[in-house]
Amino acid sequence: FRFLVKNVAKINLCFEKIAYGFAINVNSVAAQMMEVVRPTLARFLEKVNVYGTITSFWKPILLKTLPADQLHPAYGGPKDFRPVKVYG
């Protein structure tokens, strides 16, 4: 939490370049933390959709926004999915 408060300006600069994002499988504690920091990171969080662990709720929304062939099978993509690059 201290990290967020200390680096709000840097975080906002980074997220100006993001068109939209998804946070999926977010547990209830993390969802509550996002609500706490929402006023501070309002510009960023308006571009991010936050979904819990109910796959049947977020998977259709994700597939309406992103092409299925760009997603890992766990997120609704094809079984033969191959990432362009693996980091880490």
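**Figure 1. Aromatic pairs in the predicted model.** In one of them, the ring centres of Phe22 and Tyr51 are 6.4 Å apart and the planes meet at 25°, so the pair is stacked. Phe22 belongs to strand S1 (residues 21-23), whereas Tyr51 is in the loop between strand S2 (48-50) and helix H5 (55-65); the two are 29 residues apart. Phe22 is partly exposed, at 23% relative accessibility, and Tyr51 is buried, at 11%. Ring pairs join Phe22 and Tyr51 with Tyr20 and Phe57 in a cluster.

**Figure 2. The tilted pair of Trp58 and Tyr75.** The centres of the two rings are separated by 6.0 Å, with 45° between the planes. Trp58 is located in helix H5 and Tyr75 in the segment after H5, so the pair ties together parts 17 residues apart in sequence. Trp58 is buried, at 2% relative accessibility, whereas Tyr75 is partly exposed, at 31%.

**Figure 3. The largest nonpolar core.** Nine residues form this core: Val8, Ala23, Val26, Met34, Val37, Leu41, Phe44, Leu45 and Val48. Helix H3 (28-37) and helix H4 (42-45) are the elements that contribute two or more residues to the core. Leaving aside residues up to four places away in sequence, Met34 touches Leu45 and Val50.

**Figure 4. A nonpolar patch on the surface.** Val29, Met33 and Val36 make up the patch and together have about 260 Å² of accessible area. Val36, a residue of helix H3, is exposed because its relative accessible area of 51% is over 50%. Ala30, also found in helix H3, is partly exposed, at 31% relative accessibility.

Definitions and conventions. Residues numbered from 1 in each chain as written. Predicted model: local features only at pLDDT ≥ 70, side-chain atom pairs only at ≥ 80, totals over all residues. Heavy atoms only, no water. Core = buried A, V, L, I, M, F, W, Y, C linked by side-chain atoms within 4.5 Å. Buried < 20%, exposed > 50% of the residue type's maximum accessible area, 1.4 Å probe, protein only. Helix = DSSP H or I, 4+ residues; strand = E, 2+ residues; numbered from the N terminus. Contact = heavy atoms within 4.5 Å. Patch = residues over 30% accessible without salt bridge, like charges linked within 9 Å, V, L, I, M, F, W, Y side chains within 5 Å. Areas by Shrake-Rupley, 256 points an atom, 1.4 Å probe, with all protein chains shown as cover. Salt bridge = Lys/Arg side-chain N within 4 Å of Asp/Glu carboxyl O. Phe/Tyr/Trp six-rings, centres within 6.5 Å; stacked < 30°, edge-to-face > 60°.
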